[in-house]
Amino acid sequence: MTLILEKTEKEMRQVYAETVYELAQKDPQVIVMEADLSSSMSTGSLKDKLPNQYVNVGIMEANMMSLAAGLNITGRKPFLHSFGQFLTRRAFDQLFVSLAYAKLSAVLVGSDAGVSAEHNGGTHMTFEDMGLMRSVPKASVYEASDPTQLAYLLKKGYEEGGVHYIRTIRKDTVKLYDENTNFEKAQVLRDGEDVTLVASGIMVAEALQAADMLAKEGIEAAVIDMFYIKPLDGETLLNSVKKTGKVVTAENHNVNNGLGSAVCEYLAENYPVPVRRIGVKEQFGQVGLTPFLQEFYELTAEDIVKAAKELVSQ
Amino acid sequence: MLATQLETAAKQIRLYTLKELKALGFGHFGGSLSIVEALAAIYGKHLNVDTDTANDPNRDYFVLSKGHGGPALYATLFLKGFFSEEVLYTLNQNGTTLPSHPDRNLTPGVDMTCGSLGQGISAATGIAYGNKLAGQDNYTFCIVGDGELNEGQCWEAFQFASHHKLENLIVLLDDNKKQLDGPTKDIIDPLDFVAKLTAFGFETVEVDGSSVDAIDKAIAQAKENKGKPQAIVLDTIKGQGVKHLEEKADNHHVRPNEEDWKAINEAIETLEEQLEGVLAK
């Protein structure tokens with residue numbers, strides 16, 4: 001069987017704009033905040049649609065974090081968007097102190113995840129955001145792989161309160177889920193006995209393709225979409241790993257401090273098994289199209305296959 | 001409240017700030033003492049909040065952006081009845097509810113967690129913006145430090161406040177002319193704060209920050225002004241009100257020597273004498 005992954009009708013940014021608009025219409029306390037990237041995130045039209053629930057603060061991400069804290073003190077429920085590195089790397093202390101340490105609530109959406117920043121290049125390419133956010137006490141960290149899932153995670157963050165960081169690409173993605181999917185747990189997309197592939201974001205599609213390629217060589221790989229980076233869905237992970245005893249992680253992020261680290265930490269403490277991590281290793285970003293960058297940083301299905309075969313042959 | 005009563009309030013805040021820091025044995029004397037008159041005017045008269053209305057969204061809000069002035073805020077909140085005198089003397093002790101820098105989750109009456117400089121003014125701006133969006137007419141007061149304005153984030157917040165015409169935001173700038181490492185003019189010359197804040201769209205006045213009456217009048221005028229955020233530049237002295245500490249070159253975080261303790265104890269005694277009868281109430 002050859003896997004065919006269809007592109008979705010909607011880009012992730014449209015899903016973001018539509019979901020926050022839907023929430024804002026239901027709840028007048030929702031406030032959507034942009035820092036001069038509304039045109040990049042399809043939220044520009046919200047200015048007119050939500051005159052009292054949308055604000056473009058200008059190019060001031062640090063101020064946006066602390067403003068959101070003040071707004072939340074007055075009962076508002078802020079959604080903040082910027083490219084991932086501006087939300088996390090640039091405004092980290094503001095995010096940490098004004099929001100997290102002060103125990104206030106905001107949903108933070110970091111877009112253009114990893115290599116998907118493409119032509120904005122190394123300055124705009126974040127391979128560190130999940131690592132930074134994982135170190136914030138009580139913060140939830142997710143990487144969305146599909147539009148339906150992104151909408152779910154936005155609503156979850158809104159309902160639960162606290163600091164939620166959702167990492168996503170902005171544009172086209174593959175369709176993985178139908179609207180009735182239950183996202184309370186990480187998604188097991190494929191069962192297998194030989195190795196567990198744990199992926200998030202754009203690497204879920206690569207992992208599915210890798211599983212197809214491995215199947216042709218007689219290796220049955222399970223595939224988990226581990227969009228719950230923190231807290232990690234250890235239960236779903238363990239259910240599979242107890243069968244396979246081997247794990248390959250795959251992330252469009254630094255292998256340190258992201259999904260791979262989270263999985264390794266969990267398994268080391270609960271069920272030690274051999275792991276290989278696919279991800280960016282000690283490198284900065286650069287300009288290029290996604291397929292080129294995925295090859296350069298070894299983020300392809302082939303890279304996952306290679307790692308899985310090495311593990312299985314041991 | 002009459003000016004004389006506000007002067008009494010300032011003396012009370014100064015007394016308990018000193019007693020609180022004395023109980024700890026060291027701390028941020030300089031920048032706590034320089035905001036005493038401002039706190040007296042704000043909490044003594046203008047800030048519409050007390051222990052009964054602390055959870056009312058229509059109350060006024062106060063953010064101490066220069067979080068190291070926490071001891072003076074705590075003395076004020078104690079006097080407002082938010083906690084007992086015993087609590088005041090737990091400043092910075094293990095497990096205290098009064099940490100060096102204010103924490104909204106620990107201390108009753110504290111509206112925002114501050115201490116990482118520059119962030120409080122943004123948060124205060126967010127509070128004022130949220131209240132304005134809600135159509136409320138309550139005020140948000142914020143005290144920022146002169147050294148704190150080194151932080152670019154403050155100027156981001158000023159731009160936002162000005163753009164959104166937050167007339168319900170009253171910023172008081174503690175211009176005590178010193179930061180941790182020395183005089184502000186030697187480290188990053190602030191130039192003319194009034195001109196800068198005016199250029200950033202604030203209705204700005206400068207007053208004698210050691211005069212609680214002058215601050216009171218400036219706040220009253222700020223509340224009359226419409227259409228712009230309001231700034232009051234307070235010409236203060238670091239260590240204000242305790243002559244010996246005012247004259248001490250390095251008075252940001254003080255570990256008092258014998259001579260310092262003598263002056264601090266004398267100041268406490270003098271204030272207690274001046275407040276005799278008031279404190280008994």
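In this predicted model, the side chains of A:Arg134 and A:Glu265 meet in a salt bridge, with N and O 3.1 Å apart; the term stands for a side-chain nitrogen of Lys or Arg within 4 Å of a carboxyl oxygen of Asp or Glu. A:Arg134 belongs to helix α7 (residues 129-134) of chain A and A:Glu265 to helix α11 (residues 259-270) of chain A, so the pair ties together parts that are 131 residues apart in sequence. A:Arg134 is buried, at a relative accessible area of 18%, while A:Glu265 is partly exposed at 41%. Here buried means under 20% relative accessible area, exposed over 50%, and partly exposed in between, with a 1.4 Å probe and protein chains only. Helices (H or I, at least four residues) and strands (E, at least two) are DSSP runs, numbered from the N terminus.

A salt bridge also joins A:Lys185 and A:Asp233, whose closest N and O atoms are 3.2 Å apart. This pair links distant parts of the chain, 48 residues apart: A:Lys185 sits in the loop between β6 (163-167) and β7 (187-190) of chain A, and A:Asp233 in the loop between β10 (228-230) and α10 (234-244) of chain A. A:Lys185 is partly exposed at 34%, whereas A:Asp233 is buried at 7%. In chain B, B:Lys45 and B:Asp216 form a salt bridge with closest N and O atoms 3.1 Å apart. Helix α3 (residues 36-46) of chain B holds B:Lys45 and helix α10 (residues 212-224) of chain B holds B:Asp216, 171 residues apart. Over all chains, a search of the whole structure finds 28 salt bridges.

Turning to the strands, β1 (residues 30-34) of chain A has five of its five residues buried. β1(A) pairs in the parallel sense with strand β3 (residues 77-83) of chain A over five bridges, pairing being assigned if DSSP finds at least two bridges between two strands. Within β3(A), A:Lys77 is the bridge partner of A:Val30. β1(A) also runs parallel to strand β2 (residues 54-56) of chain A, to which three bridges join it; there, A:Asn56 is the bridge partner of A:Glu34.

The two chains also meet each other. Chain B contributes 25 residues to the contact and chain A 24, where contact means heavy atoms within 4.5 Å. Together they bury about 2000 Å², 61% of it on carbon and sulfur atoms; buried area is the accessible area (1.4 Å probe) that two parts lose on being put together, summed over both. B:Gln119, B:Leu133 and B:Glu156 supply 25% of the area that chain B buries against chain A, more than any other three residues. Across this interface the rule finds zero salt bridges.

Residues are numbered from 1 along each chain as its sequence is written, chains are lettered from A and ligands numbered from 1 in the order in which they are written, and side-chain values use heavy atoms, leaving out hydrogens and water. Local features need pLDDT of at least 70 and side-chain atom pairs count only at pLDDT 80 or more, while totals for chains, interfaces and linings use all residues.
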